[in-house]
Each structure stands twice: as C-alpha cells, then as structure tokens.
Amino acid sequence: MKIKMKIFPKLPEKVQEELGHFELENFYREEERTPEYLATEKDKYFSTPKAWLLVFEENQIIGSLKLHKRNVKFNNKNVMLGGLGGVCVRRDKRRQGIAGVMIEKAMKILKEWECEVAYLCAHIEESGSLYPQAGFVSMKNPYTYFGQSGKLYEETNGFIAPVKSLDLFKKILNSEQKLHLGKGNW
Ligand SMILES: CC(C)(COP(=O)(O)OP(=O)(O)OC[C@H]1O[C@@H](n2cnc3c(N)ncnc32)[C@H](O)[C@@H]1OP(=O)(O)O)[C@@H](O)C(=O)NCCC(=O)NCCS
C-alpha cells in the first residue's frame, strides 16, 4: 500500500469535504455525533489552521492533523505559540504509528515557523503516551480561551512542549498563572 503525507497551506474544496466526512467518522465517537455536542465543538475550535497535514493511502485520507500558530501574551510577554489540533487516524489504521509520525513532522514544522512553545489539548485516557513521547507535558494549571460565541472557557486538559524556547516552556509550566489562548482552543 502506498502511504503519502502531504502538507496543505490551503485545502482544496474537494479535500476539505473529504476531511469533514473523515473527521465525523473517525474523530468523534458515535455518542458524540449529536448536533448539540458538535455545536459546542464548533464554538471551541474555530481557528483556521495555518496548515493541514494529511496522510493518504490510495488517495483516501487515513490521518489528519491541523497546525496552528498564534501570538499570545503570558505574564505580559509575547509568546509565539504553535499548536496541534484535530489529530486523527482512521479507525482501522490505529496503533501502527501513524499519529506518532504526523506529530513528529508537525513539531518540525512548528520549529521552522519559529514557534517558541507548542500547545494542544488532549484526554490522556484516549491518547496515553502519544503526546508525552513527542515532548508534551500535562499542564498542572487550567487554561482559558474565548469561544466563537464570546463565551470564556476554562479547561484543564492542556499539554505543552518546548519548541524554540525551553525557558518559556518552563515558565508557563511552573507558573501559577493560567495560560490564556485568546480566541479558540485552536
Ligand atoms: C489518538 C489517535 C490519533 C492515535 O493514533 P494512532 O495512529 O493510533 O497512534 P500511534 O499508533 O502513533 O500511537 C503511538 C503511541 O501512542 C500511544 N497511544 C496511541 N493511542 C492510544 C490510546 N488510544 N490509548 C493509549 N495510548 C495510546 C501508545 O503508546 C502508542 O504506542 P503503541 O501502539 O506502541 O502502544 C487515534 O486513536 C484517534 O484518531 N483517535 C480519535 C481522535 C482523538 O481522540 N484524537 C486525539 C485528540 S487530542
């Protein structure tokens, strides 16, 4: 089987449509596929990615990851925050290392983009050591962000990793101050 990884700074309409179906089928569990749940998801995660990383097998999407970059303020200092979102692998292709390879590539791209720290949110029970293997550490403090509706969310499942700045990574991790992401949890 021929497996290819491609980076898209913009998604062609056809690929965008295919990705929508792929995510609905593979990112969400059946019980999550309700209009209410999906509307909340849309309110939380609404930023346009700076790039999409997709893995194809025989022209079908089998893996996806969204890459983000955003300047945020932390303790009155600018931090160039990189981010990973929507990490997803087709159900029948899991536990073969595909997400690990996508994350490794994503971290290289965030470095090329001069990001200082990378952030993502994840449930440890659904991803285990996947993110820790790539250098991510669970944040002890909650983080905040605005939803598309303007609602202020506060959540606790944040992970950060150093990219270009070990110092800023340590400061965010060890500070009592909550990281504010701005608009959207990616
Ligand atoms: C999470 C997900 C992306 C993992 O994709 P994957 O291609 O199966 O991951 P990998 O094969 O690269 O996993 C590498 C390692 O991460 C860990 N890992 C991956 N999935 C895990 C899971 N569900 N539970 C516990 N550990 C997991 C394991 O250590 C694994 O190594 P192993 O298979 O040798 O034990 C995939 O299960 C998925 O798409 N889930 C639904 C969407 C989702 O929850 N995404 C994460 C949102 S943050």
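**Reading a predicted model: cores, rings and a cavity**

Q: How many residues does the largest nonpolar core have, and which of them have the most contacts inside it?

A: The largest nonpolar core has 27 residues, and those with the most contacts inside it are Leu65, Leu67, Leu84, Met102, Met107, Leu110 and Phe136. As general background, nonpolar side chains in soluble globular proteins tend to be buried together. Please keep in mind that this is a predicted model.

Q: Which elements give two or more residues to this core?

A: Strands β2 (51-57), β3 (60-74), β4 (77-89), β5 (117-121) and β9 (158-162) do, along with helix α3 (98-112). The largest share comes from α3, with eight residues.

Q: What does Met102 touch, once residues up to four places away in sequence are not counted?

A: Met102 touches Met5, Leu53, Val55, Gly63, Ser64, Leu65, Val87, Cys88 and Val89. There is also a second, separate core of 18 residues, including Val79, Leu173, Leu179 and Leu181.

Q: How many aromatic pairs does a search of the whole structure find?

A: A pair of aromatic rings is described by the distance of the centres and the angle of the planes. The search finds nine aromatic pairs in the whole structure. Take Phe27 and Tyr28: their ring centres are 5.1 Å apart and the planes are at 75°, so the pair is edge-to-face. Phe27, at 35% relative accessibility, counts as partly exposed, whereas Tyr28, at 14%, counts as buried.

Q: And what about the rings of Tyr131 and Phe136?

A: Here the centres are 6.1 Å apart and the planes at 80°, so Tyr131 and Phe136 are edge-to-face. Both Tyr131 and Phe136 are buried.

Q: Which residues form one aromatic cluster?

A: Tyr119, Tyr143, Tyr145, Tyr153 and Trp186 form one. One of these, Tyr145, is also in contact with Gly182. Gly182 sits in strand β10 (residues 179-183), and with neighbours within four places in sequence left aside, its contacts are Arg70, Thr144, Tyr145 and Phe146.

Q: What lines the largest cavity?

A: Rolling a probe the size of a water molecule over the atoms shows where empty space is left. In this model there is one cavity of 30 Å³ or more, and about 30 Å³ of space lies in the largest cavity. Its lining is made up of Phe74, Met139, Lys140, Asn141, Ile172, Leu173, Gln177 and Leu179. By class, the lining residues divide into five nonpolar, two polar and one charged. Leu173 and Leu179 from this lining are also included in the second core.

Q: Let's finish with backbone angles. What is phi of Asn76, and what is phi of Arg95?

A: Phi is near 65° for Asn76, a positive value in a residue other than glycine. For Arg95, phi is near 60°, again positive in a residue other than glycine. Asn76 lies in the loop between β3 and β4, and Arg95 in the loop between β4 and α3. With 73% relative accessibility Asn76 counts as exposed, and with 86% Arg95 counts as exposed.

Key:
Residues numbered from 1 in each chain as written. Predicted model: local features only at pLDDT ≥ 70, side-chain atom pairs only at ≥ 80, totals over all residues. Heavy atoms only, no water. 1 Å grid on protein atoms, 1.4 Å probe; cavity = no way out; pocket = protein on both sides within 12 Å on 5 of 7 lines; lining within 4 Å. Points joined across faces, edges and corners; volume = space filled by probe spheres on them. Nonpolar A, V, L, I, M, F, W, Y, C, P; charged D, E, K, R; others polar. Core = buried A, V, L, I, M, F, W, Y, C linked by side-chain atoms within 4.5 Å. Buried < 20%, exposed > 50% of the residue type's maximum accessible area, 1.4 Å probe, protein only. Helix = DSSP H or I, 4+ residues; strand = E, 2+ residues; numbered from the N terminus. Contact = heavy atoms within 4.5 Å. Phe/Tyr/Trp six-rings, centres within 6.5 Å; stacked < 30°, edge-to-face > 60°.
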